[in-house]
Structure formats: structure tokens, C-alpha cells
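Hello! Here is the structure I promised to pass on to you. Have a look at it first, and then read my notes below.

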Amino acid sequence: MAMKLLVLPGDGVGPEVTAQAVRVLEWFAAHRGIPMDITERGFGLVNWQRHGTMMPDETWARITAADAILFGATGSLDQQGVVPPEERRKGSLLRMRKALDLYANLRPVRVPDALLDASPLKPRVVRGTDYVILRELTAGTYFGEPRGVSVLEDGTRRGVNTHRYDEGEIIRAVRFACRLAMGRRRHVTSVDKANVMEAGALWREVAARVARDEFPEVTLEPMLADNCALQLTRAPTRFDVIVTDNLFGDLLSDAGGAALGSLGMLPSASLNDRGQALYEPVHGSAPDIAGKGIANPLGAILSAALLLRWSAKRPEEAALLERAVDAALAAGARTADIAAPGEAALSTAGIGDAVLDALQREVQLPA
Ligand code: IPM
Ligand code: MG
């Protein structure tokens with residue numbers, strides 16, 4: 001049966017980068033026997049402008065019924081003030097993550113040799129960097145109650161958010177991370193602030209128990225979140241799989257992106273246990289460069305590779321796409337964010353062309 005793929009380009013640079021990822025997926029549908037039934041819908045401010053709601057019912061029905069969602073970006077600043085808060089929540093990325101229970105957010109960070117010069121880190125530090133952050137995506141500070149801003153008796157305001165984790169939420173995230181590590185180098189770094197936060201101490205205890213009882217072949221190393229932030233730039237090659245909560249995962253995946261010199265390269269997959277998934281580049285809407293055709297589509301294209309691996313269940317095709325991206329980079333294809341000073345930069349669509357050319361070359365190579 002054809003995979004039901006819903007494309008939500010979203011705000012800012014989302015439409016530009018998503019268009020390149022869709023071109024690549026169409027190539028796989030046409031040439032590699034991966035049947036896809038692709039539908040596109042607006043997401044974000046376009047919905048407000050066209051339909052007077054951030055989330056038309058028909059779009060929401062497609063979101064909940066999709067096998068896979070390819071998402072561009074959200075977070076245009078124009079939404080602040082224009083759109084009432086309850087409408088913003090209806091059309092938010094966080095609502096999708098929560099409603100679909102997409103708790104396992106994979107954010108791989110891999111530095112291809114071709115990009116060693118683009119990295120702000122020294123080649124001897126960054127060469128060979130290849131790890132995956134598993135960010136828990138449906139709990140913690142992002143969703144904990146109580147939350148909100150209240151007015152105190154003296155008239156001043158108090159902002160409250162709650163960092164909360166139930167044991168089951170920790171268990172399933174850590175299990176996912178350990179299963180992932182079993183197919184890799186069998187090392188999991190579990191990141192928390194057990195020295196300060198009770199919920200962090202619980203995270204640490206539960207993570208250790210899951211690894212010990214269910215994954216004896218996996219080495220689980222606990223690490224404090226502040227130290228992890230340091231190690232990601234000091235010694236990124238020491239990591240294999242990192243499992244952490246929603247907020248630390250948000251911060252540490254941006255910190256990890258520094259190794260590549262640009263967030264534009266980083267893909268992500270958010271998975272639930274029912275076989276549904278959402279794929280999105282980590283970079284966000286980048287309103288300052290939106291519409292200029294210069295955004296880096298490789299985060300979106302590499303997210304399409306994750307889609308081939310996790311939703312289409314065709315790991316060899318995912319690897320083919322990742323090789324093609326490496327080959328395009330090795331041949332000098334660069335957007336401005338990863339070009340060395342003085343190096344020529346391609347447009348967003350130019351990178352799409354370079355990846356499609358590289359795919360053609362890869363499949364013509366003698367076996
Ligand atoms: C991310 C983003 C989102 C987050 C924003 C856009 C809500 O920063 O996916 O990392 O904070 O989760
Ligand atoms: Mg983020």
C-alpha cells in the first residue's frame with residue numbers, strides 16, 4: 001500500500017526547503033519503487049490568511065491519518081499579536097507532536113569530511129562526529145501543568161512552567177535510545193540535571209534500570225546537561241546516542257549543530273509507537289532569509305532520508321540518499337551558510353539539482 005505522506009511546508013523558509021525534499025522523494029517514488037501518495041496542505045500563517053483559522057478541520061484530519069508528515073518550519077514572528085493565542089495553539093507544531101504522541105525525536109549529527117572546513121571546530125576535534133540525540137518530545141517543561149502567567153497580590157506578575165516526567169515517559173524514551181544504540185556503537189549517554197532537579201534524579205535512576213535490566217550489551221553513561229553542552233564542542237566524537245528530556249534536547253541539538261557550522265544541515269524524525277512519524281529540519285523558519293532562495297535544503301533533504309529509513313522502512317534507500325548528499329558536498333555543492341569565505345554558493349534549488357544529479361550517478365555506478 002502507498003505511504004500516505006502529508007507535506008506541510010509552513011512558515012518562513014519552510015516552503016523553499018520542503019520543495020527540494022519533495023523533489024527528492026518524487027525521484028525515489030519514480031525510480032526506486034517506493035509508492036507514495038503525496039498531499040500538500042498549508043500550515044501556519046497561510047491558513048490564517050486563507051481560512052481564518054490556523055488549523056482547518058480537513059487539515060487536522062489529514063494530520064492524524066497520515067503515515068508520514070514532511071514538515072518545513074514554523075514560528076513566523078508575524079503570528080505574535082495578529083493571531084489570537086487559542087488559534088495559535090490549534091495550529092502549533094507542539095499540538096501535532098502531542099496529539100500524535102511523537103515522543104521519540106531523533107536528531108542525528110554527522111559531520112561529513114567535505115564539511116570539515118565549514119565547522120568552527122578544529123578538524124582534529126570534529127572529524128568523525130556521528131551521534132544521534134534522542135530528545136523526548138511529548139512531556140517535560142513544554143507540556144507540564146501548571147503553566148501560565150498570574151498576577152500576584154502586589155500586582156507583579158509570575159510566570160510558571162512545570163518540568164514533569166512520569167516514569168513511563170522516561171522508560172519509553174530510554175528504551176528507544178537503547179534499541180537505537182544496539183544498531184550502532186552500543187553507547188548511550190543519558191543527560192539530566194540529577195544534581196539539582198528531583199525529576200532529573202528520577203530520570204537518571206530509571207534510565208540506569210532500563211539499560212541494566214533490558215539492554216545488558218549497552219553501556220549507559222549518565223551525564224549532567226551542562227557538562228554535555230561542553231563535551232559536544234570539546235569532544236563530539238565521544239557520543240553515539242544521547243537520550244534526554246524535551247528542553248535539554250532542544251538546547252543540546254542546537255549546540256550540537258555548531259559542529260557543522262550551520263543548523264541548516266540537521267534533519268530530524270519524530271516517531272510514535274503506532275508507526276506514524278513527522279520529519280522536519282531542525283533549523284526553523286529563518287524569517288531573515290525567507291523567500292530569497294538561499295536557504296540550505298539539506299536539513300529537509302536529509303529528513304527525507306530519515307523518512308525512507310523509518311516510514312518507508314527502506315534503509316538501503318535512505319543510505320543511498322545520504323551517500324548522494326555526501327557526494328554533492330564533496331563535489332563542492334554549498335549554500336551560503338556552509339560555504340567557506342570566497343567559495344561560490346548555490347541557491348536552494350541548485351542544491352536540490354546537485355543532490356538529484358548525485359543520485360543518478362550513484363545508481364549508475366557498477367555494483
Ligand atoms: C525545535 C524548535 C521548536 C522547539 C520550536 C519551533 C517550538 O526549536 O524543534 O527544536 O522548541 O521544540
Ligand atoms: Mg530548537
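G350 is found in helix α14; helices (H or I, at least four residues) and strands (E, at least two) are DSSP runs, numbered from the N terminus. Before we go on, please note that this is a predicted model, in which local features need pLDDT of at least 70 and side-chain atom pairs count only at pLDDT 80 or more, while totals for chains, interfaces and linings use all residues. Residues are numbered from 1 along each chain as its sequence is written, chains are lettered from A and ligands numbered from 1 in the order in which they are written, and side-chain values use heavy atoms, with hydrogens and water left out.

Is G350 buried or exposed? G350 counts as buried because its relative accessible area is 16% (buried means under 20% relative accessible area, exposed over 50%, partly exposed in between, with a 1.4 Å probe and protein chains only). S347 lies in the loop between α13 (315-330) and α14 (348-364), and S347 is partly exposed because its relative accessibility is 34%.

Both residues can be compared with I294. For G350 and I294, the C-alpha to C-alpha distance is 9.3 Å, and they are 56 residues apart in sequence.

**Around ligand 1**

Which residues are around ligand 1? They are R97, R107, R135, Y142 and D250, where near means that a heavy atom of the residue lies within 4 Å of the molecule. By class, this shell has four charged residues, one nonpolar and no polar (Ala, Val, Leu, Ile, Met, Phe, Trp, Tyr, Cys and Pro count as nonpolar, Asp, Glu, Lys and Arg as charged, and the others, Gly among them, as polar).

Now for some distances. An oxygen atom of ligand 1 is 2.6 Å from a polar side-chain atom of Y142. An N or O atom in the side chain of R107 is 2.8 Å from an oxygen atom of ligand 1, and for the side chain of D250 the distance is also 2.8 Å.

R135 lies in strand β5 (residues 130-136). R135 counts as buried because its relative accessibility is 1%. The side chains of R135 and N246 are joined by a polar contact of 2.8 Å (a pair of N or O atoms within 3.5 Å; within protein, one must be able to donate a hydrogen and the other to accept it, and residues adjacent in sequence count only if both atoms are side-chain atoms).

Happy exploring!
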